[in-house]
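Here are a few friendly notes to read alongside the model.

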Amino acid sequence: MSIYCTELRCEYQKEPVGIDNNIPRFFWKIRGDSEGVAQSAYEIIVEDVWSSGRVESDSSVQICYGGKPLKPFTRYNYSVRVWDAEGNCSDFAHSFFETGILSPKNFLGSWIACPSSFEGTIFRHEFEIDAKVTEARLYITAYGVYEAELNGARVGDLWLTPGYTAFDDNLLYQTYDVTDLLKRENTICITLAKGWHSSRIGKRSNHKQQTQGILAMLRIKKENGEVCVVTTGEGWRCRSGACLFSDIYDGEIYDASLDDKRWRHFGFDDSDWHAAKVVNLPKDNLTYQINEPIRIKETVLPISIFVSPRGERILDFGQNLVGWVEFRVKGRRGERVVLSHAEVLDRDGNFYTDNMRSAKNKVIYYLSGEGEEVFHPRFTFQGFRYVRIDEYPGEPRIDDFVAIVIYSDMESTGSFECSNPAVNKLFANAFWSQKGNYVDIPTDCPQRDERLGWTGDAQVFIKAGALNMNVALFFTKWLRDLAAEQEKEGGAVPNIIPNTSKTQVSAAWGDAAVICPIELYHAYGDRQLLSRQYKSMRDWVEYIRSCCTKDRYLWNTGTHFGDWLGIDAQEGSYKGATDQYLIATAFYAYSSRLLSLAAKILGFEEDADKYKELSENVAKRFKEEYLIEGALPKTLTQTACSIVLRFGLTDDNAKTAAALARLVEENNYHLTTGFVGTPYLLYALSDNGYPDHAYRLLLQNDYPSWLYSVNAGATTIWEHWDGIKPDGSFWSEDMNSFNHYAYGAVVDWMYTRIAGINCTTEAPGYKKSVIRPLVTQRLSYAKATVMTLYGALSSKWTRDKEGNYIYEVTIPNNTVSEFIFPDGRRIELKPGTHILC
């Protein structure tokens, strides 16, 4: 039998260009002539710098480079071959990776800025090349957001670069292959707009550097081997451009009549432009584009154009999404297209924007008058389903508009389907909310004057997020910012990352520092990330310890969000009825236990024992303080019971679970949980003897329930269980997002319980999986697939007419799995597809 090594990746990416990890990691998948292939050994050769030799190992992911120090600006070809257990050897498979600057000192050139305060500044520079070019890379970053052009062609397909980070600590630069864009005579133009750094969202931030600027280095390799470098600095020119205004919250104003395309080409007379000034901005915070950049991912056509009762002309795209509207228009010079954006209509069918608060979300375009014009914004984004056409030359046609969907370019890895269409729609809504809120950082919402990296939202959804998409690099970047912001606060984790306000700290929010790295380790086996975040994890637990001034094992100080937006909240409060200090102390115990696990994984045995003991002591005091007879929460709520069960804080699982089941029954199988309790509710029931209660909650149609919003026509997850009430009125005007993924965390229960797909701590990244479907008479089938680092792992069950269950499971090559039947029988599964009864 033949064995093949396929789909080589470095740092999770195919043929990455511009990486700065000095110890890059390699990944590959195994394929054979038939199913059931397993690897017994591998060999990696990185051209001229490293050969692993034959390594007896079945590992095919997260293999660390072990050769000579890597050089900057260098392409390294690498090859991998593998052996199976029978000694069959594959041919070498080949790929490459290319390093970036590796150190900020290698980024030549100077920061430049415009001496006048222009919106949409254009920087321009001409240069000549006297020989044939074999390779050229443009390295570029900004305080603001930029768009680069070379000889009139847009450079790359990335948007809103360099992205949103804790700018003082981590400023991303991007690398572009521009070899094919160069000529003998060349012009580079860079448009600089405010972006996250300098928009209203940036004005809320704590970053020190407020000056907008550009830093760029074009590194050109000639046919004769000579390398020349063109950088920002003296000699660049600048002026205002056609973009008159842009803001992340408020939109964009663009005057096409001011867009002189001659600027972009060699020989243009720019003598009346300003000389760009060299500014003293730091470089030591430069780091490569570690995460997937924002790209255009999808397009959505409008499903109707109609006139509201108020006489507004409105486009309905049928889907709440994040991005822009692109339109085609003809008209006279100076005429305008004005578009406003909204998520929902009011009860009368009119355009509704009160929930956007101060965010204007408006796009204004002045025509050039030169034939048919096509435009979409470039330096902002909107969250919307509906678009009001406030001004438009002539009669707008539905075919003139298309919605452009943007989000971070992560690979979709998961799918789920069952026999209940409403549950399938709920899954799709959660997926769309993930797309809309994974725009460079994990945000709470993408439409109002917020769009911030709330830590609590991120941690409750990360498990679902990692099943739906490969989020390893996305969260690697965000967690690096979390650690940087935390360092400034002496171990406290701000509720928002990047930090945008006076630091506030809350249990369940700050615990993202511990929960997120562990979840990523489970999903991808990423030991390097776990190691990098370990100090942040430990510092958070030690910060909690420092807060416990009344009792060293109880976190009963400070103000916390509690069970945010719990339905059982008192009138006028956003906090659910569950004692905020019960929640805080429960997370203290939980994070201490997870920290002990991380220490054990990384070989820090002393820390592992220390934090295990801490977790046990906190759990003991928790039971004494917050539970009756070690089982029943004194504040008996669905959230309290769910947390106690899920975190293992009860001495009597059956008693606590029975109490939770009674609470659900007494509420007629409706939930009362908020942001904190909801992710654990179904697990607490299904894993403790009440699976049908969990299913009845999931399948509940009326308020409060997951399917209430689905039945109300939602296309994304709402911030509130009743964001739109049955009578068409709204929960509130000031805090009512209709694209808020927190309650979509139920998706991970669909994967792990309904379909039964689970990873394991002892062999993470699905090297070993456990498949344990939770079958029910309430569904006739369910199926899910997770594209793991090894390949597709899928589980499907079907109930036939006689009531028998048939299971179909596919295990990827080079992994093993255990299948657990509903009656508890266990069997080991090797790679391949298995039909079980």
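**Notes on charges and a helix**

1. Let's start with Arg310, which is exposed at a relative accessible area of 51%. Here buried means under 20% relative accessible area, exposed over 50%, and partly exposed in between, with a 1.4 Å probe and protein chains only. Please keep in mind that this is a predicted model, where local features need pLDDT of at least 70, side-chain atom pairs count only at pLDDT 80 or more, and totals for chains, interfaces and linings use all residues. Residues are numbered from 1 along each chain as its sequence is written, and side-chain values use heavy atoms, leaving out hydrogens and water.

2. The partner of Arg310 is Asp346, in a salt bridge of 3.9 Å from N to O (a side-chain nitrogen of Lys or Arg within 4 Å of a carboxyl oxygen of Asp or Glu). Asp346 sits in the loop between strands 29 and 30, and Arg310 in the loop between strands 26 and 27, so the pair ties together parts 36 residues apart in sequence. Asp346 counts as buried at 17% relative accessibility. Helices (H or I, at least four residues) and strands (E, at least two) are DSSP runs, numbered from the N terminus.

3. Salt bridges with shared partners also join Arg75, Glu98, Glu135, Arg137, Asp177 and Lys221 into one network. Across the whole structure, the search finds 62 salt bridges.

4. Another pair worth a look is Glu149 with Arg264, whose side chains meet in a salt bridge at 2.8 Å, N to O. Glu149 belongs to strand 13 and Arg264 to the loop between strands 21 and 22, so this pair ties together parts 115 residues apart in sequence. Both ends are buried: Glu149 has 12% relative accessibility, and Arg264 has 14%.

5. Which residue forms a salt bridge with Arg25? It is Glu11, with the closest N and O atoms 2.9 Å apart. Arg25 is in strand 3, while Glu11 is in the loop between strands 1 and 2, 14 residues apart. Arg25 and Glu11 are both buried.

6. Turning to helix 6 (residues 512–524), all 13 of its 13 residues are buried, so this helix is largely enclosed by the rest of the structure. Helix 6 reaches 17 Å from first to last C-alpha, close to the expected 18 Å (1.5 Å times one less than its number of residues). Just after helix 6, Gly525 takes a positive phi of about 60°.

7. Finally, Glu605 is found in helix 9 (residues 605–626) and is partly exposed, with a relative accessible area of 44%.
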